[in-house]
Amino acid sequence: MLQQNIKTQIHKHQLAWILAELLDDKEIANLKNQCGIHDAPAPMDSRTGQWIIENLADAFFRQETAQQVVHEYLVQKTESAIRRVGYMNVQEIQTFLRNYTHLVDGGDFTEIVWALLIDSRQDVQRHGRKLLKEYEQSVHEVANVGNVMKSEREADTNDTTRVVHPAQTKATENTGTNQSLHRHVEPPLKKPIQTSTPKENPDPGQKLARLQQSLNQRNDECTALKKENENLLGKLRQSIDENEEFREKEHRFMEQDIHIQQLQLEIHNLKRQVEKLSKQSAESQSLQRVAQAEVGVELKSFEELVYKSNQTFDQMQSDFQTQVSELKKFSEMSKTALLRTRDKVEQFLGQHDSKQNLPCRALKEQPSVGVFVDVQNMFYAAKDRYAGRVDYIKLLDLIVGPRQLVVAYAYVVQIPEINQSGFLSLLEHNGYTIKSKDLRLRGDGTAKGDWDVGIAIDIVSMLGALDVVILASGDGDFCALAELIKQQGKRVEVVAFEHNTSMDLQRMADQFFPIGDELLI
């Protein structure tokens, strides 16, 4: 991806230096053709290459197409350096790339600088500009020293009696006036001290020794100057770092000052709001006192109404309990009268046929049984565990036995998607009374359908006519109902799947019949 602000990171001559360092003549010519630069002089020599590089740098800053092409070309050339910089955080970059010397020695300086300049992190870009600026300043200083040495050398050539040492000639040739950023320049030599020239020509050997001694002194002085220059550069870098740190602190202080001004404005607005709220609160308190007086009157009236309602409810509850007690007494009396009537009928029948009296007495001696089957509970228990269905006809025969069956209710929940008419007809033809209700859908998309309350109401309403209540369900919610039945002196039996039956319901029942494979179809 093209770094949008790369043109703000470097100057045109710096980009030209980067291109000259990273690309060879063939790559420069290829890049020229891609950018549409076709008027280069021929043949390809150093001046032609310099002309193309300058035109590439100029096109980079003027044309978006050339900028894109040059950027992608340099990214390909510095791919390893970009990955290397990308793996490092800002602190590591500032620590390991603090000085450019080891990068120049290793030949990685140009690639690392370009990778830093196109990085998306601003701190990394800033460090790349810093390294490039330091290196450029050092190269200019070395170039200036080279110019001084060239002037000294020209002055020395005017002395026809001076003998130049080969080492000095080599050092002088390495200086030059080239101000290219990547050219290393040797330190300058000081101008030799002028001595009185004897009237006669001195011995060449002595003159060579003096020149060698002077050269050694200048080398020592250059070494000292190098150390002093390094110290000065170190101090300069430290001052630059301190200056940048000071600017960052100043920027933070300015941001904090703006934030403080905003807070002061908010505090002023809050004070005005507090004053406004205080006025509203005073008005609200006065209105509240008036409302409290009015509410007090209404509350007193409401309390009187509640008191009268409670008295009425208590009276109705007392009357209802009295009526229930009378109904129980009437039920007991009716049962007693029924038994007496049955005895008289048996006695009357016994006078005519003593054999006919045996079934009647057997019928009287057998307890009356009511069967209440929660079909929904039994259906899912058989389906989940055994993948089968309960044989309700065989179930009724086994749990009632020789006892007198008063009623057998089958409680069914009708599901619109399932046709249960055949199943219900089968139950009705085999002694069951069907009670059904439709499945109710809630507003949240869930469904509800159970007969717990309906079963409990039917059982309680028929307790006076039953001796044994057989509940075909394993639902633990029936524990309270079983306890109530036993308190009335009735027997409770539970028939259900053992894995699906509440342990509390099993303990509460007088007898528990577990359903096995013999009752499945």
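**Exercise 1. State which residues of helix α16 are buried, and find what covers them.**

Solution. The buried residues of α16 are Asp 452, Gly 454, Ile 455, Asp 458, Ile 459 and Met 462, where buried means under 20% relative accessible area, exposed means over 50%, and partly exposed lies in between, with a 1.4 Å probe and protein chains only. Helices here are DSSP runs of H or I with at least four residues, strands are runs of E with at least two, and both are numbered from the N terminus. The cover over these buried residues of α16 includes β1, β2, β3, β6 and α17.

A word on the model belongs here. It is a predicted model, in which local features need pLDDT of at least 70 and side-chain atom pairs count only at pLDDT 80 or more, while totals for chains, interfaces and linings use all residues. Residues are numbered from 1 along each chain as its sequence is written, and side-chain values use heavy atoms, with hydrogens and water left out.

**Exercise 2. Describe how α16 packs against α17.**

Solution. Two packed helices are described by the angle between their axes and the distance between the axes. Helix α16 (residues 452–462) and helix α17 (residues 479–487) pack at an angle of about 0°, and their axes lie 11 Å apart; axes are lines fitted to C-alpha atoms, for helices over the stretch in contact, and angles run from 0 to 180 degrees between N-to-C directions. That makes α16 roughly parallel to α17, since angles under 35 degrees count as roughly parallel, over 145 as roughly antiparallel, 65 to 115 as roughly perpendicular and the rest as oblique. On the α16 side the contact is made by Ala 456, Ile 459 and Val 460, and on the α17 side by Leu 481, Leu 484 and Ile 485, with contact meaning heavy atoms within 4.5 Å. By class, this contact of α16 with α17 has 6 nonpolar, no polar and no charged residues; Ala, Val, Leu, Ile, Met, Phe, Trp, Tyr, Cys and Pro count as nonpolar, Asp, Glu, Lys and Arg as charged, and the others, Gly among them, as polar.

**Exercise 3. Work out the order of the strands in the open sheet, and say which stand at its edges.**

Solution. The open sheet is formed by 6 strands in the order β3-β2-β1-β6-β7-β8, with parallel pairing; two strands pair if DSSP finds at least two bridges between them. At the edges stand β3 and β8 (511–514), each with a single partner strand, so one side of each is left without a neighbour in the sheet. Neighbouring strands of this sheet are turned by 15° against each other on average, direction ignored.

The individual pairings can then be followed in turn. Strand β1 (residues 368–374) pairs with strand β2 (residues 404–414) in the parallel sense over 7 bridges, and Gly 370 stands opposite Val 407 in β2. Strand β2 also pairs with β3 (residues 433–438), in the parallel sense over 6 bridges, and Ser 436 in β3 is the bridge partner of Val 412. Between β1 and β6 (residues 468–472), which run parallel, there are 5 bridges, and here Gly 370 stands opposite Val 469.

**Exercise 4. Locate Ala 387 and decide whether it is buried or exposed.**

Solution. Ala 387 sits in the loop between α13 (375–386) and α14. Most residues other than glycine have a negative phi. Ala 387 has a positive phi of about 55° although it is not a glycine. With 70% relative accessibility, Ala 387 counts as exposed.
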